[in-house]
Amino acid sequence: MSANSVEISNVSLSYYTPERETLALEQISLNVESGQFVAIVGSSGCGKSTLLSVVAGLVPPTEGTVLVNGKYVQGTSPNIGYMFQKDTLLEWRTVLQNALLGSELLGLDKNKSRERAKSLLTSYGLGEFLHALPTQLSGGMRQRAALARTLCTAPDVLLLDEPFSALDFQTKLALSDEISGILRAEGKTVILVTHDIAEAVSIADRVIVMSRRPGRIKSDHRITYPSAGGERPSPFKARSCPEFNGYFQAVWDELDVHKVE
Amino acid sequence: MSDETLTATEQNLAPSQPEISDGFANYLRTQRRRSAQVTMFQIGIVVGFLILWELAPRLNWINPMLTSYPSAVLRTLWGLILDGSLWGHTLATFYATLIGFVGSLIIGIAVAALLWLSPFLSKVLDPIIVVLNALPKIALVPVFFIWLGATSSIYAMAISISVFVTIVMLYTGFEAVDEDKIRLAKLYGASRIQILRKIILPGSVPTMISALKISAGLSLVGVVVGEFQASKAGLGYLITFGGQIFQMNLVMTSLVILAFLSTVLFAAIKYFESYIYRRRGIKSGQ
């Protein structure tokens with residue numbers, strides 16, 4: 001349990017354009033234990049999404065290394081699942097075909113993947129919509145279909161890039177309960193990126209605060225809810241725990257939201 | 001949460017209730033009256049134009065030699081049907097137009113795909129395509145005639161007039177496909193060819209249909225112009241021939257058939273478009 005699932009060591013990343021060089025990430029080091037749920041918060045443009053791209057192997061770091069399950073990240077890997085802010089469902093494919101995209105591209109066994117996708121979609125309440133098109137689904141249903149697509153290839157590490165931010169408030173609360181429940185039950189290691197402090201504090205075991213560009217790790221908060229009696233409360237219940245406001249305030253103070261750039 | 005969404009969807013799918021309130025009935029009546037008025041005016045304009053066209057030459061307001069009139073057009077049309085040449089000329093033009101825009105679409109998809117696969121190639125070829133797209137292709141009619149002869153020069157004209165704009169439209173469409181969808185495919189280790197096949201091409205079907213609409217219209221222009229120069233058949237040929245022997249009846253009849261042909265062509269594409277959009281669960285015309 002205590003083995004590190006993700007080890008980010010001294011990662012720096014620079015963007016180059018003909019006009020300038022931009023340092024997006026500066027000396028980021030972060031270890032995430034297997035099965036841990038980590039949230040990274042920071043103001044927009046702090047490089048938190050870029051960090052996920054580096055962990056996913058989509059963007060190579062300028063300096064430093066990333067290890068996932070003890071292996072160096074050199075390009076993408078089926079061990080890592082990634083959910084975007086938009087559900088990125090392909091509108092010409094049915095819900096089931098969308099869920100199968102990953103296994104199709106990875107060349108996994110067709111029948112097995114099909115069964116797995118069906119059972120995932122059914123357990124997320126989309127059983128009747130297997131052959132529906134994404135345009136026929138509500139926002140919450142679309143994001144659940146995207147979750148099924150992500151989990152269909154059975155990754156151990158999940159990177160969530162503000163997956164709830166495009167949803168309305170009620171759907172967002174309900175869905176973050178649902179998704180965090182599923183991911184905790186399956187024992188996945190999760191790195192969630194968000195700008196929503198309440199979401200981070202309610203959902204995660206650890207909240208990392210990142211500074212403005214160049215992105216650096218500013219602080220690391222352990223989140224526990226002893227008042228809930230040993231068990232990790234659901235994000236919705238956590239919001240009414242007495243500890244919640246203290247964590248919220250601590251992260252808020254770190255973020256310097258009101259400071260003008 | 002899921003229960004709520006389910007019932008909401010079911011309600012949307014349920015047929016509307018039989019009882020209609022007065023306000024709604026009133027609204028529906030107004031809508032129907034409006035659309036009936038529009039149709040009436042459309043028919044009125046056409047009928048009015050035909051009456052004016054018939055009367056003006058007959059009352060000697062204008063020279064009938066120059067304008068012909070609808071009854072003469074009908075007579076000429078009937079004559080062309082009887083001697084069997086109408087079908088042949090119309091089919092020749094239609095067939096060449098079909099080759100033009102289908103050929104343009106196929107070449108356009110192939111070239112745009114190649115450009116998308118190789119950003120270097122697309123940078124290199126960009127100014128060339130821009131120049132070729134801007135060149136008035138009509139100027140190539142005599143060139144094609146000399147190079148390719150009577151029949152093939154018409155196909156070449158139909159394709160060349162529409163292919164560059166098709167390439168530009170499709171390539172722009174390929175480039176505009178959501179970057180996140182490409183990232184998603186890359187995440188699963190997709191190669192550029194796989195991204196093209198699974199994401200770019202199926203995602204660009206609406207762009208392809210728009211390109212088809214434009215290239216169909218342009219191809220028809222190309223075919224008629226090609227027929228002016230080269231052909232012994234087709235509506236373009238009929239128009240030049242009628243002009244040379246000062247038979248305005250024949251010219252006007254050919255124009256009417258041409259208008260009818262392009263209407264049929266666009267109706268067919270429109271039908272194809274709504275079929276595709278229905279299959280994708282999108283409302284047509286969006």
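How many bridges join strand 9 of chain A to strand 10 of chain A, and do the two run parallel or antiparallel? Select both strands and look. Five bridges join strand 9 (residues 206-210) to strand 10, and the two strands run antiparallel. Keep in mind that this is a predicted model.

**Stop 1: the sheet in chain A**

Stay on this pair. Pick R206(A), and you will find R222(A) of strand 10 standing opposite. Strands of a sheet pair through backbone hydrogen bonds, either parallel or antiparallel.

Now widen the selection to the whole sheet. This open sheet has six strands in the order 6-7-8-3-9-10, and the pairing is mixed. Go to its edges: strand 6 and strand 10 (217-222) of chain A each pair on one side only. Neighbouring strands of the sheet are turned by 15° against each other on average, direction ignored.

**Stop 2**

Select Q27(A). Its phi is near 50°, a positive value in a residue other than glycine. Q27(A) lies in strand 2 (residues 21-33) of chain A.

Then select T88(A). This residue is not a glycine either, and its phi is positive, about 45°. Look for T88(A) in the loop between strand 6 (80-83) and helix 2 (95-99) of chain A.

Which of these counts apply to burial? Q27(A) is partly exposed, because 14 other C-beta atoms lie within 10 Å. T88(A) is buried, because 23 other C-beta atoms lie within 10 Å.

**Stop 3: the nonpolar core**

Show the largest nonpolar core, which has 124 residues. Those with the most contacts inside it include V38(A), A145(A) and V207(A). Helix 7 (residues 141-175) of chain B gives the most to this core, with 17 residues.

Zoom in on A145(A). Leaving out residues up to four places away in sequence, A145(A) touches several residues, among them D87(A), L89(A), V95(A) and L137(A).

**Stop 4: where the chains meet**

Finally, colour by chain. Here 20 residues of chain B are in contact with 22 residues of chain A. On the chain B side, helix 1 (2-13), helix 8 (179-187) and helix 9 (192-203) of chain B each give two or more residues.

Which helix of chain B gives the most to this side? Select helix 8 of chain B: it gives seven residues. The residues on this side of chain B divide into nine nonpolar, five polar and six charged.

Methods: Residues are numbered from 1 along each chain as its sequence is written. Chains are lettered from A and ligands numbered from 1 in the order in which they are written. This is a predicted model: local features need pLDDT of at least 70, side-chain atom pairs count only at pLDDT 80 or more; totals for chains, interfaces and linings use all residues. Helices (H or I, at least four residues) and strands (E, at least two) are DSSP runs, numbered from the N terminus. A residue is buried if 20 or more other C-beta atoms lie within 10 Å of its own, exposed if 12 or fewer, and partly exposed in between; C-beta atoms are placed from the backbone. A nonpolar core is a set of buried Ala, Val, Leu, Ile, Met, Phe, Trp, Tyr and Cys residues joined through C-beta atoms within 7 Å. Two residues are in contact if their C-beta atoms, placed from the backbone, lie within 7 Å. Two strands pair if DSSP finds at least two bridges between them. Axes are lines fitted to C-alpha atoms, for helices over the stretch in contact, and angles run from 0 to 180 degrees between N-to-C directions. Ala, Val, Leu, Ile, Met, Phe, Trp, Tyr, Cys and Pro count as nonpolar, Asp, Glu, Lys and Arg as charged, and the others, Gly among them, as polar.
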